[in-house]
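This briefing reviews selected local features of the structure shown below, grouped by topic.

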Amino acid sequence: MRINELKIQTGKEFKVDAVCRINLSDGSLFSFRNCYLPPEIIETHLLNFSEHEITASEEAAFRHASACLRAEKTALRLIARAEQCCSGLKRKLEKRGHEASCVNAVMERLCDLSLLDDSRFARLWLESRLRFTRSPRQLLSSLCSRGIDRDDAQTALKNVLDDEAEYSLLLRFVKKHEKKVKRKTGDDGDVSRTMKYLLKSEGFSHTAISRFLEDGGI
C-alpha cells in the first residue's frame with residue numbers, strides 16, 4: 001500500500017502540530033495531527049513526500065493518529081463547554097469510546113498547551129462553590145472525589161479561601177447548623193463550645209474560629 005496524496009489542512013506550512021490528510025492507494029482517507037505520529041514516520045513519509053509504499057505498522061500508526069485527532073476534537077468540545085480536570089476528561093473520553101492510548105496522548109498535548117490544568121480547575125471550581133454553605137473539609141473532599149490530587153486541592157483551597165472569604169463561609173455554616181447544634185447541646189450545654197468543635201472538625205482555621213468566638217459566638 002502507498003500514499004497517493006498528502007494535504008496540509010491547517011495552514012500552508014508543514015508543522016509538528018499541523019493537521020494533514022493522506023489518501024492511500026486502497027481508497028482510505030486519514031486526517032491526523034502530525035504530533036500524534038512517530039517522528040520517523042513524519043521524516044520518512046511526510047517531510048519529503050513521495051508516493052512510496054508504507055508498511056502495515058506505519059498504516060496502523062496513521063490510523064492511531066487519526067483516532068487521536070477524533071479524541072482531541074471531542075475533548076476540545078467538552079473544554080469549550082466547561083473547565084475540565086484530567087481525571088474527569090479522561091473518564092468522559094473513554095466513556096465515549098475513545099481508546100485509552102489516544103486519550104492519554106491527547107491529554108498530554110492539552111496539558112502542554114495549558115488547555116487542561118488541574119490547578120486552574122480546582123481554583124475555578126472552588127470559586128464557584130463559595131456562595132454555598134459548605135465547610136473547607138467538604139470542599140476539599142469534593143475536589144478530591146473529582147480526581148484532583150489532595151496536595152493540589154489543599155493548595156487551591158488555601159489560595160481561594162483568604163481570611164475574609166473563610167470567615168464569611170464560617171458565618172453561613174454557623175447559621176445553617178445553629179439550630180441543630182442547640183438541639184444537640186440542650187439548655188444546659190455550652191453551645192459556643194459545641195459549635196467550636198464542629199467548626200474545627202469541618203476544617204475551619206483556628207484564626208477564623210477565634211474571630212467568631214471573639215465576636216460573641218452563638
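Phe-62 is buried (under 20% relative accessible area, against over 50% for exposed and partly exposed in between, with a 1.4 Å probe and protein chains only), since its relative accessible area is 0%. The model is predicted: local features need pLDDT of at least 70, side-chain atom pairs count only at pLDDT 80 or more, and totals for chains, interfaces and linings use all residues. Residues are numbered from 1 along each chain as its sequence is written, and side-chain values use heavy atoms, leaving out hydrogens and water.

**Aromatic pairs**

- The structure contains two aromatic pairs (rings of Phe, Tyr and Trp, the latter by its six-membered ring, with centres within 6.5 Å; planes under 30 degrees apart are stacked, over 60 edge-to-face and the rest tilted).
- Phe-32 and Phe-62 make a tilted pair, with 5.4 Å from centre to centre and 55 degrees between the planes.
- Because Phe-32 belongs to strand E3 and Phe-62 to helix H2, this pair ties together parts 30 residues apart in sequence; helices (H or I, at least four residues) and strands (E, at least two) are DSSP runs numbered from the N terminus.
- Phe-32 also counts as buried, at 0% relative accessibility.
- Phe-173 and Phe-204 form a tilted pair as well, at 5.5 Å centre to centre and 55 degrees between the planes.
- Phe-173 lies in helix H8 and Phe-204 in the loop between H9 and H10, so the pair links parts that are 31 residues apart in sequence.
- Phe-173 is buried at a relative accessible area of 1%, and Phe-204 is buried at 5%.

- Strands E2 (residues 19–24) and E3 (residues 29–33) run antiparallel and are joined by five bridges (strands pair if DSSP finds at least two bridges between them).
- Val-19 stands opposite Arg-33 in E3.
- Four residues separate the strands of this hairpin, in which Gly-27 adopts a positive phi near 95 degrees.

**Glu-59 in helix H2**

- Glu-59 is part of helix H2 (residues 56–81) and counts as buried, at 15% relative accessibility.
- Apart from neighbours within four places in sequence, Glu-59 is in contact with Met-1, Leu-24 and Ile-54 (heavy atoms within 4.5 Å).

**Helix H9**

- Val-191, Ser-192, Met-195 and Leu-199 are the buried residues of helix H9 (residues 191–201).
- The cover over these buried residues includes helix H8 (163–185) and helix H10 (206–214).
- Exposed residues Tyr-197 and Lys-200 are on the face of H9 turned away from its buried side.
- Just after H9, Gly-203 takes a positive phi of about 90 degrees.
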